[in-house]
Amino acid sequence: MSNWPITVTQPFLPPLEEFTPYLREIWQTHRLTNAGPFHRRLETALAEYLGVEHIALLANGTLALLMALKALGLSGEIITTPFSFVATTHALWWSGITPVFADIDPSSLNIDPEAVEAAITPHTTAILPVHVYGRPCDVGAIQRIADAHGLKVIYDAAHAFAVRDSGGGITRHGNLSVLSFHATKVFTTFEGGAIVCPDARTKQQIDLLKNFGVADEVTVLAAGINGKMNELQAAFGLLQLQHVDTAIRRRREIDAFYRRALESVPGIDCPPLPPDIVWNHAYFPILVQPDYPLSRDGLYHRLRERDVHARRYFYPLISEFPMYRGLSSAAPARLPMARDVAKKVLCLPIYPALGLEDVTEIVDVIAGIG
Ligand SMILES: *Cc1c(COP(=O)(O)O)cnc(C)c1O
């Protein structure tokens, strides 16, 4: 195998020389941040790429979640999934909102619309679903529930960059969609994030909030925060965007290779590709079933011994962390599907630079012949 550990993901870095013209431009203009030229260009380019009209760039995905909640003026209770990265629920906690966990659908691995409906109370103001692994939620059912009960919907689309359904880009759904451009994501600006907005007014409001609420030299219109993406990040994003389709194609090849090779391994399930979806292959989750000779953790450690760092995304469930486990919706008996999946899931390495020789060796370890 390679000289250093194989991690679950690795950022795609274009050749260094390709970045120098961008750096030169920054050195010439002395524009480092505050909605500079690269920031504007990246917003335009991303809107076009994602097939949306309005997008606001932010310093990271967590701030983007916080600002989305603030922009919609949400409070009370928000229904969300326990099967996600902890930032999803932390954003609610930081906003003084009570998270209400609803169980997942074991086939989509996303929040179960029926469980959402059952969790609604008079205090519910919104639903915060996650397109886990970039696999789309049941957006139709979620919107019907939201409409019937007068709730807002914010999608945590941190994993779902470039994902499209039959009608277009997945981030067009809900009141707002939030993206993360962290180094571990399919498209990265080192750290970064964005909110896809339904109209120019919402984008304006977010642009105001992310710059301290400052409208001009003497006017402060809102108690905003510093959520700005800087010019270095935005410039890198523009360069990444030129390579992202190639990077996703490479991920697709690795996905297909894993799928074919693991098909015949008893006790290893690969959740099928989401139907009618152009997927980004952000992750390659497998489910280690009881008839596999090792437990999920056993397999995780076996791979570690071979310097392959697969990850147990998402274990433990968010609802099991100390700041949330006292909530009544966090009771394990209410989340049987999420608990079952969290116990079985393992995300295998997938990233553009991962060689097929390495994928073969990973598969051999899993098949018990490596
Ligand atoms: C990465 C991630 C976030 C947080 O994004 P950052 O840019 O790291 O702040 C939020 N939700 C999910 C599901 C994520 O995977």
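1. Between domain 1 and domain 2 there are 13 residue pairs in polar contact, both residues at pLDDT 80 or more. A polar contact is a pair of N or O atoms within 3.5 Å; within protein, one must be able to donate a hydrogen and the other to accept it, and residues adjacent in sequence count only if both atoms are side-chain atoms. Salt bridges between the two domains number 0 (side-chain nitrogen of Lys or Arg within 4 Å of a carboxyl oxygen of Asp or Glu).

2. The model is predicted: local features need pLDDT of at least 70, side-chain atom pairs count only at pLDDT 80 or more, and totals for chains, interfaces and linings use all residues. Residues are numbered from 1 along each chain as its sequence is written, and side-chain values use heavy atoms, without hydrogens and water.

3. Domain 1 comprises 16–103 + 110–239 and domain 2 comprises 245–367, with bounds from an automatic or database domain assignment. To their contact (heavy atoms within 4.5 Å), domain 1 gives 31 residues and domain 2 gives 34 residues.

4. About 2700 Å² is buried between domain 1 and domain 2, with 67% from carbon and sulfur atoms. Buried area is the accessible area (1.4 Å probe) that two parts lose on being put together, summed over both.

5. Rings of Phe, Tyr and Trp (its six-membered ring) pair if their centres lie within 6.5 Å; planes under 30 degrees apart count as stacked, over 60 as edge-to-face and the rest as tilted. The ring centres of Tyr133 and Tyr283 are 5.6 Å apart and the planes stand at 55°, so this pair is tilted.
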